[in-house]
Amino acid sequence: MSLPTVAVVGFPNVGKSTLVNRLAGGRETVTHAEPGVTRDRKRVRCEWNGVAFELLDTGGIDLQDESELAQDIQRQAQLGMAEADAVLLVVDGRAGMRAGDAELAKTLRGATVPTLVAVNKADRPGDEHLVAEFHKLGLGAPLAVSATHGLGSGDLLDRLVAALGDAQPAAEDEDAVRVAVIGRPNAGKSSLVNAFLGAERVIVSERAGTTRDAIDTELEVDGRRVILVDTAGLRRRSKVAGTVDYYAQLRSERAVERADVALVVCDASEGVTSEDLRVAELAMRSGCATLLALNKWDETRTDLDDAKARVGRKLRLRPAVITCSAARGRNVPKLLPKAIELADRAGERIPTPQLNRFVADVVATTPPPSRRGRRLRLYYSAQVGERPPRIAIQVNDRRLIVRDWAYHLENRLREAYGLEGVPLVIDFVPRKSRYQNA
């Protein structure tokens with residue numbers, strides 16, 4: 001059972017995303033003075049007086065705007081209203097009632113779910129008079145709120161909970177696998193997400209930077225619950241400083257930090273570029289298992305062996321590289337099962353006796369090189385953590401560790417236990433002398 005949903009709708013730049021952040025008690029959605037920042041519909045969990053529900057932030061609806069992107073945004077908002085248990089219409093009290101508000105209200109008056117009106121930007125206690133003209137919308141008594149300062153937010157939450165009625169909160173599922181779909185702008189991330197879902201869940205456009213926020217969507221794959229996160233394209237921060245894309249970038253980075261697996265989408269027509277490798281390194285530093293998807297494979301003749309060799313040389317995790325085409329469906333069904341497999345491997349434990357035998361075999365086959373006339377000795381190994389796997393190995397002297405040999409040991413571990421693409425931490429712990437404990 002999913003959580004009950006409140007769709008937050010309204011004209012562009014009335015403060016919907018700011019109000020969602022205020023009600024949810026965080027900064028889950030991207031906000032900016034520039035109008036039209038929100039494009040896709042984004043779910044944000046909210047709880048009030050013991051009742052949990054989701055706020056569905058949507059893009060601004062301007063029924064007079066006939067541009068292709070505006071039409072896509074409106075379609076996403078309409079889909080959000082269709083799946084909601086209640087609708088919150090947000091209007092700008094400072095701007096007064098506009099023709100767009102009346103048109104949207106006319107549509108909502110025929111809705112089968114409860115509809116509330118929040119008059120935003122009533123930033124001072126004496127601004128309650130701003131609600132008067134919005135009674136004309138015919139959607140019940142409007143409520144004055146200030147998303148910026150929080151005035152009226154408690155009363156609004158009371159009304160929302162009352163409108164949802166006896167909706168029961170959904171049970172938490174800790175077994176869900178979070179898969180963040182990341183990559184450079186215009187690599188086909190949103191197209192791939194829609195291909196996974198078999199529906200147009202997020203807006204797809206040839207214009208780079210269409211996605212502005214991290215959009216979570218739940219689905220089931222082979223009986224497993226998966227939370228799929230579509231993200232904004234990742235660029236170097238210096239290139240987006242001071243723009244709305246900078247905040248979108250931060251949301252993408254946070255999405256990676258919360259994910260179990262990062263699906264790095266690359267444009268196959270360009271091969272695996274240095275920027276793709278940088279994005280994969282970001283996932284690795286976040287402790288996230290990684291899988292590379294060469295999208296748009298049907299449009300290119302990129303040398304796959306060369307791409308795999310480049311990834312193997314440049315990325316310490318040595319992630320798998322899978323070709324796919326979101327447009328034609330090529331290999332799309334293989335990607336999420338592979339991501340789930342990576343998440344499971346990151347949570348597995350290697351039995352201690354088996355691990356000690358493995359390390360002993362590696363040392364016997366390729367002994368550590370001597371350093372300053374002394375050789376590194378490895379005494380005891382054990383796995384001390386998972387997600388990512390963490391191995392502790394007792395040694396006689398950490399100063400004798402040679403980096404190349406340590407990488408060799410790490411690579412043999414990956415090969416033996418199928419940990420390609422999974423972050424792996426090896427701690428070399430000095431063995432205490434028996435005289436230190438006396």
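1. Let's start with the inventory. The protein chain has twelve helices and 17 strands. Keep in mind as you read on that this is a predicted model.

2. Next, the chain as a whole. Of its 438 residues, 51% count as buried. As for who touches whom, take the contacts with a separation of 6 or more: 70% of them come from residues 24 or more positions apart.

3. Now have a look at the sheet. Six strands make up an open sheet with mixed pairing, and their order is β2-β3-β1-β4-β5-β6. Which strands stand at the edges? They are β2 (42–48) and β6, and each has a single partner strand, so one side of each is left without a neighbour in the sheet.

4. Helix α1 packs on this sheet, where it touches β1 (5–10), β2, β3 (51–57), β4 and β5. Compare directions too: that of α1 makes about 165° with that of β3.

5. Zoom in on one pair of strands. β4 (residues 86–92) and β5 pair in the parallel sense, over six bridges.

6. Two packed helices are described by the angle between their axes and the distance between the axes. For helix α1 (residues 16–24) and helix α4 (residues 153–164), the angle is about 85° and the axes are 10 Å apart. The two are therefore roughly perpendicular to each other, since angles of 65 to 115 degrees get that label. On the α1 side, Leu19, Arg22 and Leu23 make the contact, while α4 brings Ser153, Leu156, Leu157 and Leu160. Sort the residues of this contact by type and you get five nonpolar, one polar and one charged.

7. Is lysine 121 buried, exposed or partly exposed? Its relative accessibility is 25%, so lysine 121 counts as partly exposed; the buried label needs a value under 20%.

8. Setting aside neighbours within four places in sequence, lysine 121 is in contact with Asn13, Val14, Asp92, Arg94, Asp127, Leu130, Val145 and Ser146. Alanine 147 is 26 residues away from lysine 121 in sequence, yet their C-alpha atoms are 6.8 Å apart in space.

Key:
Residues are numbered from 1 along each chain as its sequence is written. This is a predicted model: local features need pLDDT of at least 70, side-chain atom pairs count only at pLDDT 80 or more; totals for chains, interfaces and linings use all residues. Side-chain values use heavy atoms; hydrogens and water are left out. Buried means under 20% relative accessible area, exposed over 50%, partly exposed in between (1.4 Å probe, protein chains only). Contact means heavy atoms within 4.5 Å. Axes are lines fitted to C-alpha atoms, for helices over the stretch in contact, and angles run from 0 to 180 degrees between N-to-C directions. Helices (H or I, at least four residues) and strands (E, at least two) are DSSP runs, numbered from the N terminus. Angles under 35 degrees count as roughly parallel, over 145 as roughly antiparallel, 65 to 115 as roughly perpendicular and the rest as oblique. Ala, Val, Leu, Ile, Met, Phe, Trp, Tyr, Cys and Pro count as nonpolar, Asp, Glu, Lys and Arg as charged, and the others, Gly among them, as polar. Two strands pair if DSSP finds at least two bridges between them.
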